[in-house]
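Welcome, and thanks for opening the viewer. Let's walk through this model one selection at a time, beginning with a single residue and its surroundings.

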Amino acid sequence: MRVFMAAVLAAVVLPNVAVAGPPEERSQCFAREGVSTDQKLAACTALIESGRETPQGLVAAFMTRGIAYGNKQDHDSAIRDYDQVIRIDPGNAVAFNNRGNSHQRKALLDRAIQDFDQAIRLNPKYALAFVNRAVVHRIKGRFDEAILDCNQAIKINPNFTPAFFGRGLAYQEKARWDFDAYLNEGRYEDLAIQDYDQVIRLDPNNVAAFINRGDAYARRRQYDRATADYTEAIRLAPDNGSIFKGRAFAFRYVGQRDRAVADYKKALTLNIDGATRKQVETALKQLGAS
């Protein structure tokens, strides 16, 4: 039931110089809140097509529109906008990072890594680009490389929550798929738990960290601790049926049948995907409570 981390976009840095675009369109294009994605797209497009923007203004408008396209899952359009940023400003590390995210979401993993590599060449202290490259390495099964990238991000920023979260995921994936894990039973789950400890210290309301740490505790057969983490995750996200399924699993393995049944039945009343629903229904049948 691990919760995975998506690559993260960098914030748009607005130009410092004055530009000539209409004030209303500029305010909507660059608004941080109170404007819909479609309004943002329309306003940024108007600025780009006005012919009155400075190069710096165009960079900001293309970057902002690219992020908006990404939010609408239109990754091809996002990539075209980041291409324009890079054409105008070839040294823009943020544009390479963001284009790498869009390539990753289109499953163009090698292109994504090339973009993250370039972002890091341009800015060797770009912790976010290291974490995003780690996401792709993990997807490709390169768990050690993902861990090294997260290590570097933590070295750059010792309080960077996504780096600890990403490294925890890589340790969990390594525990599941890497032959070395069979020779070191429990080692990588324990390392993952330590990283999720750090995530929770830095962000006490991080639901995903509680879920993933609960999963790691369950793999270590520390079901009381797993249950405690799932319970906290449920407090933070009471409508997530998958968390109830995870806690039911832990209850089941310590012989608390009635509590397991209650959680499985609760999961069925919430929004869960088809595969999870089938697993829950099978578990209830096995417990004689279907």
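Select Thr 227 to begin: leaving aside residues up to four places away in sequence, Thr 227 touches Arg 247, Ala 250 and Phe 251, where contact means heavy atoms within 4.5 Å. This is a predicted model, in which local features need pLDDT of at least 70 and side-chain atom pairs count only at pLDDT 80 or more, while totals for chains, interfaces and linings use all residues. Residues are numbered from 1 along each chain as its sequence is written, and side-chain values use heavy atoms, with hydrogens and water left out.

Stay with Thr 227 for a moment. Is Thr 227 buried or exposed? Its relative accessible area is 12%, so Thr 227 is buried (buried means under 20% relative accessible area, exposed over 50%, partly exposed in between, with a 1.4 Å probe and protein chains only). Color helix 13, residues 223-236, and you will find Thr 227 in it; helices here are DSSP runs of H or I with at least four residues, strands are E runs of at least two, and both are numbered from the N terminus.

Next, select helix 9 (residues 161-177) and helix 11 (residues 187-202), which pack at about 160 degrees with axes 8 Å apart. The axes are lines fitted to C-alpha atoms over the stretch in contact, and angles run from 0 to 180 degrees between N-to-C directions. The two helices are therefore roughly antiparallel (over 145 degrees; under 35 is roughly parallel, 65 to 115 roughly perpendicular and the rest oblique).

Show side chains at this contact: residues of helix 9 including Phe 164, Phe 165 and Leu 169 meet residues of helix 11 including Leu 191, Ala 192 and Val 199.

Finally, zoom out to the whole protein chain, with its 16 helices and zero strands. Buried residues make up 51% of its 290 residues, and the C-alpha atoms fill a box of roughly 70 × 40 × 30 Å along the principal axes. Color by pLDDT, the predictor's confidence in each residue from 0 to 100: the chain averages 93, and 93% of the residues score at least 70. Then select residues 12-20, where the pLDDT is below 50. Where pLDDT is low, the predicted coordinates should not be read in detail.
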